[in-house]
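Here's a quick briefing on some charged pairs and a sheet. Have a look at the structure, then read on.

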Amino acid sequence: MTTDRTPPPPARQPGPDAALPAPLPDPRGGFRLPPGSEREDQPASPPQALPDDRSARDRQAAQAAGTPRRETAADASFSSTPPRGTQGPAGAAMEPAGHPRHEEPAAALAPTPAAPAPAGSAPPTPPASGTLGARTAGASVSEAERLRYVGAATRRIARGLDLDEILLGLCRSAVPAFADAILVYLRDPLPVGDERPSGPLVLRLRRADGGLDEPSGQSYVGTVLAPVPAEPAYGGAAESTLVRLDGPLAEVLRGVRPVFAEHPQSAAALEELLRFGEGPSASAGAGRPGERPGLHLEPGAARSDRPLHPPVLPTGRRAILAPLRGRRRVIGAAVLLRRPDRPPFESDDLLVAAQLATHTALGVDKAVLYGREAYIADALQREMLPDSLPQPTGVRLASRYLPAAESARVGGDWYDAIPLPGSRVALVVGDVMGHSMTSAAIMGQLRTTVQTLAGLDLAPQEVLYHLDEQAQRLGSDRMATCVYAVYDPIAHRLVVANAGHPPPILLHANGLAEVLRVPPGAPIGVGGVPFEAVELPAPAGATLVLYTDGLVESRTRDVWGGIELLRERLHDAATVLSPPPLEPLCDEILEILGPGDRDDDIALLAARFDGISPSDVAYWYLEPQPQTAGRARRLARQALRRWDLEHLIEPTELLVSEIVTNAVRYAERPITLRLLRTDVLRCEVGDDAPLLPQMRHAQPQDEGGRGLYLVSRMAQRWGATRLSAGKVVWFELAIP
């Protein structure tokens, strides 16, 4: 239904040199001029848009001087491609349904005397001041006020990088300054970049704001309207809508320009979009007693104490359907609504809606692209970190990783735990300098290099030396810091080497937290600098904390100040419960971060040293002689009886005999035999031969080649590891 506007009566004509007063900010997001300061001496101009601030100043200067300004191509920048079937300005004047003529003469928009109100009719209730369209039907919004509002609204929309932030900016800018309610529909799924969407066009309600059941100026800004079934005509909105390619909604979307719901085609398009409760959520609120169907606030949202009376959605010039077109295609639509107690939209308000829709659509495109890049970066970062930490014998591990702020999600921090021969474990934490995809890629290469070097059982200082060489081969500017530690649970010793990394902190079982004195060394990638390693005691019950500089360094404190704060936090945690559980301890450590301390990503690795008791270890040196296999069986039998593991004597003797026989065949120096009793029974046989054994399938006529096959069939796990001076072959048997 079309609402007639009553033009204002002629106003006092100010002089040509009168200056426009400064606008007053509207606390609800709009802008307004002081009362009585609108310039009404000039007739309303055709719907135009100013591309920048200079054009705005030119137009205002022309209005103040009373001289017309020549129209440029930029003034028509809001115009868009008309729907199929329309013609240009020189052809038949068929415009999109509900859209005013773009070339409307200025005389047609000039103020005319107000029509007298019918006798006995009540005057309309004036809406709240400070919003566009917040005047009575006898007044109009000045062009300067519209420009100020559009500038403020578009800046607010453009601030967001997230999809929800952009839609929230649109809703907060539109309600209540421009409309009383807004519904935003987006394609489902949203296309990304140049991706061509496949399948039918489905629009899903992503956000709604405001309401039509409260007087103007008392809208619930920020609350979300939930669609529920509707009995009256415009009483409810569908959650999703399947757009028919030959329907009126598709025709309006192809036209791109906003339209009023005052013509049959545009009204049918609005009807097709809202569907009157036919969407998937239409049955969500059916049958609820005491509630009428319509647009309601979501459960848990702010409600007034007054009863809720769902309104009928407005039509005519109280409803605007604005397509949202991104860089490549239409990605959605927005519906702007006004209550009956507020003046209807004017023709120039379509240009305002076009600006809001354009900036929102471009922002949605930007948010989708940014979201995909953030997802790729986060997935890359996560894939280059271990999915889960190993659980080696004699040590418990816990870790945390936090990406940097949203503007720099990708970093080069990493951590790792690598099991080594002899039940040892290598603990690694590193940090590649920079925040980019390149830093993450370099981090992955360095982490792989560390794993390879650790598998060779090199000393910590040698691992850092070869890692430095690898970083130089990757490029001259590939810089990183790293700390590499090896823990031996049998000897209760810790060997640490550092390459420009913050020093580790050791939390003792008695609550004492100390910063380990480790030679700092030069960062990885410098080249030509030797690294040193120190050997330290690692008592049972102690906790080693390795971390990156993002945990201790920020804009408000230096590195050493953060290290001291971390040491104090560890000491405080141990005073409550010693030793503190690892997982809660990691969470406690991260609490030292302040609101502005997320400039860098953070990697944290905590290791609790349980060790292996000497009573659970049996160790022998054996000469490589033919009778050594029999002696090894006898020694293993005695150890198992001492540990009350008689049921494992037979399989252990068989497997020990096979592995020791292979070692005696190739060894030139004494071999070692070690049995470890933990949650499993582990047997390790070491010799000085560097060649690793390989399992093969012996033929029926072969006399040998069945030893490792028996080991693989009977043992729970087995393997062979090359050492710096030989190898170790091991197997594990489950202890019932």
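R254 and E251 form a salt bridge, with their closest N and O atoms 2.9 Å apart; the term means a side-chain nitrogen of Lys or Arg within 4 Å of a carboxyl oxygen of Asp or Glu. This is a predicted model, where local features need pLDDT of at least 70 and side-chain atom pairs count only at pLDDT 80 or more, while totals for chains, interfaces and linings use all residues. Residues are numbered from 1 along each chain as its sequence is written, and side-chain values use heavy atoms, leaving out hydrogens and water.

**Salt bridges**

- Both R254 and E251 sit in helix α4 (residues 248-255), three residues apart, or about one turn of the helix; helices here are DSSP runs of H or I with at least four residues, strands are runs of E with at least two, and both are numbered from the N terminus.
- E251 is buried, at 16% relative accessible area, whereas R254 is partly exposed at 29% (buried is under 20%, exposed over 50%, partly exposed in between, using a 1.4 Å probe and protein chains only).
- R682 and E684 pair up at 2.7 Å between their closest N and O atoms, and both are buried.
- Shared partners link R146, R338, E346, D348 and D349 into one salt-bridge network.
- The structure has 28 salt bridges.

**The sheet**

- Five strands make an open, antiparallel sheet in the order β12-β13-β14-β15-β18 (strands pair if DSSP finds at least two bridges between them).
- β12 (412-419) and β18 (533-537) are at the edges with a single partner strand each, so one side of each has no neighbour in the sheet.
- Eight bridges connect β12 to antiparallel β13 (residues 425-432), and A417 has L427 in β13 as its bridge partner.
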